Amino acid sequence: NVVNAQTSAVTLRPLQTVNPAVRNLILIGAGQSNMTNSPQAPPYVPANPGAIDQFSILDGGIYNALDPLLGTSINTYPTLGGGNPLTRIADALISANLFDRVICASIAIDGTAVADWDPALNGVVSARIPVIFARLAAKGLVAGTNVTVVVLWGQGETDTTNGTTQSAYFNSMTNVINGSRAAGFTGPWFIAEQTYDNGSISTAVQSAQLSIINHSLNIWGGPNADAIIGTTCGGTCRPDNLHFGALGMPVYVGATQGWYASLVAFGPPF
């Protein structure tokens with residue numbers, strides 16, 4: 001799907017930087033379709049719209065956060081959804097009084113394999129990692145007093161289909177993270193256990209995702225997305241047997257086993 005560049009649907013925020021007098025979070029979402037404007041999830045209306053912004057990788061602008069988010073796969077066809085997990089996560093963090101302002105930067109692309117993000121392989125979307133950090137830095141959006149920056153990685157479904165080996169996934173993911181370090185990012189990466197694709201999982205990719213977690217390198221575990229299947233969410237979690245829908249998405253981002261829970265487990269400032 002095409003990348004959302006429809007700035008006509010949103011407005012530039014008056015504040016195009018951060019105010020270090022309040023608690024700021026820059027939330028970067030990378031990976032594939034369940035981290036984009038997910039096809040089966042409905043657009044989300046936040047309870048704290050004035051405190052949630054979005055940063056576009058396309059033009060470096062800070063806009064109000066409105067699903068579908070900018071700079072990521074659009075997924076706004078009439079029969080599909082367009083709900084981005086970052087919008088929900090941001091809203092939950094603000095409602096819990098953990099942050100005063102969250103800026104979502106969604107750079108995930110539908111259907112991508114880990115190799116597509118690997119700079120050592122010149123992956124087709126590998127430039128998105130250094131570009132997002134360059135654009136953020138150009139506006140002074142870097143970690144510091146009252147400014148936290150994190151990356152959430154939700155990807156692996158395509159690698160299940162591709163039969164990617166544990167070593168190949170681990171090596172490419174290492175290269176992706178190292179590429180962010182070379183771009184000046186020293187903050188935490190959170191890696192989901194995420195491989196489920198139409199009834200299949202990859203134990204090889206799961207093992208790679210779990211083994212890359214290394215707290216001394218600031219790499220942390222994200223949610224076990226592969227556990228959110230069937231009706232474990234209280235209904236049909238994935239209407240198309242791949243993407244989280246209206247019931248699955250809240251679990252994927254939520255306080256029990258989702259992204260929110262993984263961030264809170266990290267500790268302060270979460």
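Me: How many aromatic pairs does the structure hold?
Reply: This predicted model holds 9 aromatic pairs.

Me: What makes Phe99 and Phe270 an edge-to-face pair?
Reply: Their ring centres lie 5.4 Å apart, and rings pair if their centres lie within 6.5 Å. The angle between the planes is 65°, and planes over 60 degrees apart count as edge-to-face, so the name applies.

Me: Where in the chain do Phe99 and Phe270 sit?
Reply: Phe99 is in the loop between α1 (85–95) and β4 (101–106), and Phe270 is in the segment after α7 (259–266). The two are 171 residues apart, and their pair links distant parts of the chain. Both are also members of one aromatic cluster, together with Phe190, Trp220 and Phe266.

Me: Why is the pair of Phe133 and Phe185 called stacked?
Reply: The planes of Phe133 and Phe185 are 20° apart, with 4.7 Å from centre to centre. Planes under 30 degrees apart count as stacked, so this pair does.

Me: Why does the pair of Phe133 and Phe185 tie together parts of the chain?
Reply: Phe133 belongs to helix α2 (residues 128–138), whereas Phe185 is in the loop between α4 (166–182) and β6 (189–193), so the joined parts are 52 residues apart in sequence. Phe133 and Phe185 are both buried.

Me: How do you know that α4 meets α5?
Reply: Contact means heavy atoms within 4.5 Å. Gln166, Tyr169 and Phe170 of α4 meet residues of α5, including Ala204 and Val205.

Me: Which kinds of residue make up the contact of α4 with α5?
Reply: The contact has 5 nonpolar and 4 polar residues, and no charged ones.

Key. Residues numbered from 1 in each chain as written. Predicted model: local features only at pLDDT ≥ 70, side-chain atom pairs only at ≥ 80, totals over all residues. Heavy atoms only, no water. Phe/Tyr/Trp six-rings, centres within 6.5 Å; stacked < 30°, edge-to-face > 60°. Helix = DSSP H or I, 4+ residues; strand = E, 2+ residues; numbered from the N terminus. Buried < 20%, exposed > 50% of the residue type's maximum accessible area, 1.4 Å probe, protein only. Nonpolar A, V, L, I, M, F, W, Y, C, P; charged D, E, K, R; others polar.
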